[in-house]
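Please read this note with the structure open beside you. Take the points in order and find each element as you go.

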Amino acid sequence: MLNDMIIGMAGSGGDGIVSAGDALISAAAREGYYAMLTKSFGSQIRGGESSCRLRVATTPVLNPGGTLDVAVVLNWEDFLRFGGELPVGTDTVVLYEKKTGVEPAAIPLKVQPGIVLAVPMADLAIKSAGTLQAKNNVVLGLLAGWFNLGREAILEGIRRKFAKKGAEVLQGNERAYAAGLAYADEHPLTRDMRLAPPVATGAKRRVTDGNEICAEAALFAGCKFFGGYPITPATEIMQYLQKDIWKHGGSLLQAEDEIAGIAAVVGASFAGKKAMTATSGPGFSLKSEVIGLASIAELPLVCVNVQRGGPSTGLPTKTEQADLFAAVFSAHGDTVRPVLAPIGVSDVFGVTVEAFNIAEAYQTPVIVLSDQEIAQRKDVIDPVDTTPFKLIERLKPTPEELAAGYNRFKITDSGVSPLSHPGMPGGSYLAAGIEHNEHGDPTSSGEMHERMNNKRLNKLNPLKTRDDLFILEGDIDAPLGVISWGGMAGAALEAVRTARAQGIPVKLLIPKLLYPIAESVYRDFFASLQRCVVVEQSHQGQLHRLIRMWVDVPRDFTSLARSGANPIPPAAIVQRLRVMAESLANHPATPAP
Amino acid sequence: MSVPSTTDCGCAPSAAAPLTIKDFRSDLKPIWCPGCGDYGVVTALYRALVNIGRPAHEVAFISGIGCSSRIPGYTTAYGFNTVHGRALPVAQGIKMANPDLLVLVAGGDGDGFSIGGGHVPHAIRRNLDLTYIVMDNHIYGLTKGQMSPTTPRGAKTNSTTYGSLEEPVNPLLYVLAYGAGFVAQGLPADMEGLTKMIEAAIRYPGFSFVNIQSPCVTFGDPNDQMKVQKAKMKKLADLGHDPTNRLRAMDLAQAYGTELYTGIFYQNPTPPETYDQMIRARQAELQAK
């Protein structure tokens, strides 16, 4: 029996592979498993190749994993297009459509998997349901039968899905599912590949994605305005919000372009409301001037960048972590903007709430770097416990401060000045993108510019001590270290746990606060290190380079980085750690000269 | 020919004592050149705001970048001097976030019809209750005299030494074509007319547009200064124009650049529901569920 199983499926658009994945993850949640479903498509709007990966386990799933335990191939051409996204190993069970005409010994893979089964999926669908459209339910039956993936829960899902389509359609699909089950039962596998029963916790789990959680968190945080423009893979944040924000007394603008979207957000923030926008790479580039405006006008806002492959249009449907530089150095001028990144679907909630809190507390735009995978994959998560979250509201001037002559940009010890809003008597001021004095009057004085830069940069210093925005795992005095962030962090976490179980002395640091660089947190982490690797999904290894800019790093400070759409599975990280451990044994540290 | 009175636009006075110009004039000294038309615009605006009667702290005054975009700083309203071309979207965010505010937007012809031109149609079709004032001087003044979107063809500027090769934008026709419910043109040389028209624009419940021929004394055409304008202007009211006639308004607007018409070109006699009203209705409806 297995406690953890990875299933990868690929076919062409009409094969229903992705909806089979949806059915499996819903069933997994109902049965009490944890699971993660990632989908991958060609960039066609409809049709073309599509695939999904489901990782289902008895314990929380941290990342999509590496080599498949089960590969389902509806046709080889489409399957092979996904390359490294659906890696097959010698232990993989490969099920493929018999109609492809390929002999099991001649399948077009670089490795020969242990179990290869040519299954007449299309024939079973035609015989049972009279239509090829039922093929994906044959596949569900095969998977339920061979791998013990919740027979009843899947059937229940099929019934719910087809209930409205009439008795004939429903029964056809039920028969297709039964045909798959029967085929599996009649052809037992030579190896026990059944999934272990779930560990009951009693918590009612749900299937959701990072974009939905982001919208929920924004409403929880008190967001009253969203301005944005449709862009893959961020659009769903707007779609979720437009259903509910009105009920919270807020409003939403689908603007004429990305710039107008964030400009309206700045306006709403100026008007005294918590406000946000969400976008992806190309939109983020367009928004940068207005992000700069929010920085100098000291207006809070949250800008979510759901990263995709770039530059320019890049890989709109694939994940990447290559916008870290763009986020940190967005817009011109001498300024610092906080940048946060969630490590998974469930974590998006806390990070989004934190982004609003930081924005309001420090009167600054805050950038949240989500990514396509976190945003659009489906996770089975436990219900989010909102009790630990405290909401921060912006500092407003007191009646006494207003009566004494209000200075909007008053230089205070903290650098944060009380912020009025239109409608507040006595609080009128001029907000501006131009440099200003404490009262808000425009100035071109170098001296005033220096003072205001001091104010705007130093007010963020307390963030650099926020070690609660970091995850630390492993022995504090370990000589080997891993740093990872965002969507890659789950793979790193799993790899470090595996490596430690193998006796490799390693610890892990995951920053959710990427900028400003919390120098002391890194320094403390580096204290015991002789070797360290930064794992991330960008060609340049952007976090690796950014840390070097701010902190003295260990002598052997390396990068494990790949461009987007080339996953780094936990096994690759463990392999790197093994090499680092061997190198450490062969070349023990010499004292610094 | 009379324009229906539309005063139920949240413009009811809420200050106890009558307001004066002092209540709206800030301590900041304008950076404008002596003789700039914009002095007249800000004065007309003070007067209009006095007549409207909303206290300054209930007014949000948003601008872009340019000489004229400095104007919010010379008022006691909550001002926001944003970035080039983005005043309208910022203003819409403000009005959506708090529909109780009186929202004014101002900028130059470059701000509104060049870099920010893409926002104008959408502000018009969305129809939030805000007033957009463009100080149209046919030149980029703050960057010292380059061709603007309303510079006449053939005009020599610092970026068109041999004369502009481009047809200018016609701001009046542009906004009329997109369906603006209130369109007027005024001159600082005609202070009384300008004040009345700004007041009427603010009172119009929906997107209102006032194009002001505000000459640039430093880089503008010497033959397009205030004295010349005063002599050249033709009041639409004197021509017997019916401002509820949109097609006639468009016809007259075609003379932009040749004739100098002032007054209200078009005012929708039956203003449709505004976007901000619809937002409130949707919030109330969904909150009641």
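Predicted model: local features only at pLDDT ≥ 70, side-chain atom pairs only at ≥ 80, totals over all residues.

The points below go from the parts of one chain to the contact between two chains.

1. Domains of chain A. Start with the overall division. Chain A is split into domain 1 (4–186), domain 2 (210–381), domain 3 (395–465) and domain 4 (469–586). The bounds come from an automatic or database domain assignment.

2. Domain 2 against domain 4. How far apart do the C-alpha centres of domain 2 and domain 4 of chain A lie? The distance is 27 Å. The two domains touch: 23 residues of domain 2 of chain A are in contact with 21 residues of domain 4 of chain A. On the domain 2 side, four elements of chain A each give at least two residues: helix 11 (324–328), strand 12 (339–340), strand 13 (365–371) and helix 13 (372–376). Helix 11 of chain A gives the most, with 3 residues. Sorted by class, this side of domain 2 has 15 nonpolar, 4 polar and 4 charged residues.

3. A sheet in chain A. Look for an open sheet of 8 strands in chain A. Its strand order is 6-5-4-1-3-2-14-7, and the pairing is mixed. Which strands form the edges? They are strand 6 (115–119) and strand 7 (206–208) of chain A, and each pairs on one side only. Neighbouring strands of this sheet are turned by 15 degrees against each other on average, direction ignored.

4. One pair inside that order. Strand 1 (residues 4–12) and strand 4 (residues 68–73) of chain A pair in the parallel sense, over 4 bridges. As background, strands of a sheet pair through backbone hydrogen bonds, either parallel or antiparallel.

5. Helix 8 of chain A. This helix covers residues 235–244. Which of its residues are buried? They are A:Thr235, A:Glu236, A:Ile237, A:Met238, A:Tyr240 and A:Leu241. What do these buried residues pack against? Their partners in chain A are helix 7 (210–221), strand 8 (225–228), strand 9 (251–254), strand 10 (275–279) and strand 11 (301–307).

6. Chain B as a whole. Chain B holds 9 helices and 10 strands. Its C-alpha atoms fill a box of roughly 65 × 45 × 35 Å along the principal axes. A compact globule of 289 residues would have a radius of gyration near 19 Å; chain B has 18 Å, so the value agrees. Of its 289 residues, 56% count as buried. Now take the contacts in chain B between residues at least 6 apart in sequence: 71% of them join residues at least 24 apart.

7. Chain B against chain A. Here 35 residues of chain B are in contact with 40 residues of chain A. Strand 2 (78–81), helix 2 (87–97) and helix 9 (275–288) of chain B each supply at least two residues to the chain B side. Helix 2 of chain B gives the most, with 8 residues. By class, the chain B side has 17 nonpolar, 14 polar and 4 charged residues.

8. Strand 15 (residues 430–432) of chain A and strand 2 of chain B run parallel, joined by 3 bridges. One residue pair to check is A:Ala432 and its bridge partner B:Asn81. Strand 2 of chain B is also among the elements that supply at least two residues to the side touching chain A.

Methods
Residues numbered from 1 in each chain as written. Chains lettered and ligands numbered in written order. Contact = placed C-beta atoms within 7 Å. Nonpolar A, V, L, I, M, F, W, Y, C, P; charged D, E, K, R; others polar. Pairing = 2+ DSSP bridges. Rg over C-alpha atoms; globule rule 2.2 N^0.38 Å. Buried ≥ 20, exposed ≤ 12 C-beta atoms within 10 Å, placed from the backbone. Axes fitted to C-alpha atoms, helices over the stretch in contact; angles between N-to-C directions.
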